[in-house]
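Thank you all for making the time this morning. I would like to walk through a few side-chain contacts and a couple of backbone details, and I will take questions at the end.

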Amino acid sequence: MKQLFIILLSFGSLSALAQADSIHVWNKWCASKDTMLLFNAEYNLIQVYSKTLKPSDIMLKSLDKTLRIGKPEVKGDTTSVMAMPYHPNNKPMRLAIVSSKTRRVLKTLNFYSDNVPAPVARLGKIQANEALRKDLLQQQGINVVYPKSLYNYPYVVKQYTFSIHHAKGGATIPVIGSFLTKTMLDEMKNAPAGTVVEFTGIKAGCTDCVTKPLGDIKIKIKDK
């Protein structure tokens, strides 16, 4: 009987380990799913998925006062919960994945907090204040980026003004949206080398947030 108990206990432990290994957890708004980061004063959405467990089989529980979570929502096979670091102290914030049937902790994760830098506008992949003409003409629009941060909440540019002026002429074009138009690409294609193209009045927003202004972009056109 004792040997049977040990066998059953071992089987239960292996089963729990297998369940834990099948549980995947990440912050939707972190660019790296393998990095357990929550961003201070920003949007965080912890998501949980398991190949072997249904969403109804698990519960989420914060184990530290520095981690606050909202009410879980289930969509398909994924459970999502809003999360917020509360007075983070550079110590791990523990989140437990608990079996709703046995109340056993299946998995514990350590999240850490990180500050988010102010967002900046960037013309496609161009980061410098001067660029080759051929590279400028390959860009599709203006992006919102967080320098040196993994935060990737989907802010998008809602509007901006394109300006280009030189001895041969120029243009000032107000734009709704984030994309470059054919007229703008033609202006950059035909402008003399050394001309500065400007993107001003840039405003970005998202579905659930207030529109915010971003800094101007100024890029000098080079041919070599």
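Predicted model: local features only at pLDDT ≥ 70, side-chain atom pairs only at ≥ 80, totals over all residues.

Let me begin with a question: is Glu-130 buried, partly exposed or exposed? Glu-130 counts as partly exposed, since its relative accessibility is 35%.

The side chain of Glu-130 meets that of Lys-222 in a salt bridge, with an N to O distance of 3.7 Å. This pair links distant parts of the chain, because Lys-222 sits in strand β17, residues 217-222, whereas Glu-130 sits in strand β11, residues 130-132, and the two are 92 residues apart. Lys-222, for its part, also counts as partly exposed, at 26% relative accessibility.

Moving on to Asp-223, we find a salt bridge to Arg-133, in which the closest N and O atoms are 2.7 Å apart. Asp-223 lies in the segment after β17 and Arg-133 lies in helix α2, residues 133-136, so this pair ties together parts that are 90 residues apart in sequence. Arg-133 is buried, with a relative accessible area of 13%, where the cut-off for buried is under 20%.

Helix α2 spans residues 133-136, and a further salt bridge joins Lys-134 to Asp-135, the closest N and O atoms being 3.3 Å apart. Lys-134 counts as exposed at 52% relative accessibility, while Asp-135 is partly exposed, with a relative accessible area of 25%. By the rule applied here, the count comes to six salt bridges, among them the pairs Lys-222 with Glu-130, Asp-223 with Arg-133 and Lys-134 with Asp-135.

Let me now turn to the backbone. Most residues other than glycine have a negative phi. Arg-103 is exposed, with a relative accessible area of 53%.

Lys-148, which is not a glycine either, has a positive phi of about 55°. Lys-148 is placed in the loop between β12, residues 142-145, and β13, residues 156-166, and at 91% relative accessibility Lys-148 counts as exposed.

That is what I wanted to show, and I am happy to go back to any of these residues.

Definitions and conventions
Residues numbered from 1 in each chain as written. Heavy atoms only, no water. Buried < 20%, exposed > 50% of the residue type's maximum accessible area, 1.4 Å probe, protein only. Helix = DSSP H or I, 4+ residues; strand = E, 2+ residues; numbered from the N terminus. Salt bridge = Lys/Arg side-chain N within 4 Å of Asp/Glu carboxyl O.
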